[in-house]
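Please look over the sequence and the model before reading the points below.

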Amino acid sequence: MSKNTLYPIFLKAHELNFLLVGGGFVGTEKLSFLLKSSPEAQVTAVSKEFNAEFLELAESASNVTMIQDTYDEKYLGGKHIVIAATNFPEVNKQIHDEAKERFLLVNVADTPELCDFYLGGIVTKGNLKIAISTNGKSPTTAKRLRQLLEEILPEEIDDLLENLNAYRDTLKGDFEYKVKAMNEITGMLVEKNK
């Protein structure tokens, strides 16, 4: 059985500059996913044409800059993360290669071998965020698991997190003591019914 060796991280997307190349269906999907998870992500979108749904989504977010142009390497300047979502595999490969020359992280839509990262399923309930990865094998499965978790996790989970944070702030002692106290109080979340 193979193993998912991806390393999950949570990025402060509002502190990073994203380049999204492509304004069609796939570009819209990528922008939608990014803004749903990180509404304040700083995105520059470059495309010769933007579809109506992309335009509507981008225009509703003040942090999305649209440039109507064909891709050029100059657009990589000042970026941290690049998403290539054009309809042209050769352009996507060019974007990948030029981004890698600059040591940028890049995701090429529907081309796992040209991706440094995948955009997995994300569940958000207040301060709780859970990322789901299928190692690029089945984005649809990640989507279904996301829907399941959104359904079964109660809305009140954020109240629990706020209360636990307030409790943690009252604890006196060293780090080890605080970890032990938090483990004791949260242990009930995973205890099996007897």
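The model is predicted. Its protein chain has 194 residues, of which 34% count as buried. The chain holds six helices and seven strands.

**The chain as a whole**

- The C-alpha trace spans about 60 × 40 × 35 Å along its principal axes.
- Among contacts with a separation of 6 or more, 54% are accounted for by residues 24 or more positions apart.

**Helices H1 and H2**

- Two packed helices are described by the angle between their axes and the distance between the axes.
- Helix H1 covers residues 25-37 and helix H2 covers residues 52-59; their axes come within 9 Å and cross at roughly 25 degrees.
- Angles under 35 degrees count as roughly parallel, and H1 and H2 are therefore roughly parallel to each other.
- The crossing of H1 and H2 is left-handed.
- On the H1 side, the residues that meet H2 are Gly27, Thr28, Leu31, Ser32 and Leu35, and on the H2 side they are Glu53, Phe54, Leu57 and Ala58.
- The contact of H1 with H2 consists of five nonpolar, three polar and one charged residues.

**Helices H5 and H6**

- Helix H5 (residues 157-170) and helix H6 (residues 175-186) have axes that come within 10 Å and cross at roughly 145 degrees.
- The crossing of H5 with H6 is right-handed.
- H5 contributes Leu164, Tyr167 and Arg168 to the contact, while H6 contributes Ala181, Met182, Ile185 and Thr186.
- By class, the residues of the contact of H5 with H6 are five nonpolar, one polar and one charged.
- Asn165 also has its place in helix H5, and at 31% relative accessibility Asn165 counts as partly exposed.
- Between Asn165 and Met182 there are 9.6 Å in space, C-alpha to C-alpha, and the two are 17 residues apart in sequence.

**Cys115 in a loop**

- Cys115 is found in the loop between strand S5 (105-108) and strand S6 (121-125).
- Cys115 has a relative accessible area of 16%; the cut-off for buried is under 20%, so Cys115 is buried.
- Leaving aside neighbours within four places in sequence, Cys115 is in contact with Val106, Asn107 and Val108.
- Cys115 and Leu104 are 11 Å apart in space, C-alpha to C-alpha, and eleven residues apart in sequence.

**Residues with a positive phi**

- Most residues other than glycine have a negative phi.
- Phe103 is not a glycine, yet has a positive phi of about 60 degrees.
- Phe103 lies in the loop between helix H3 (89-101) and S5, and is exposed, with a relative accessible area of 76%.
- Asp110, also a residue other than glycine, has a positive phi near 60 degrees.
- Asp110 lies in the loop between S5 and S6, and is exposed, with a relative accessible area of 74%.

Note on methods
Residues numbered from 1 in each chain as written. Predicted model: local features only at pLDDT ≥ 70, side-chain atom pairs only at ≥ 80, totals over all residues. Heavy atoms only, no water. Axes fitted to C-alpha atoms, helices over the stretch in contact; angles between N-to-C directions. Helix = DSSP H or I, 4+ residues; strand = E, 2+ residues; numbered from the N terminus. Left-handed = near helix turned anticlockwise from the far one by under 90°. Contact = heavy atoms within 4.5 Å. Nonpolar A, V, L, I, M, F, W, Y, C, P; charged D, E, K, R; others polar. Buried < 20%, exposed > 50% of the residue type's maximum accessible area, 1.4 Å probe, protein only. Parallel < 35°, antiparallel > 145°, perpendicular 65-115°, else oblique.
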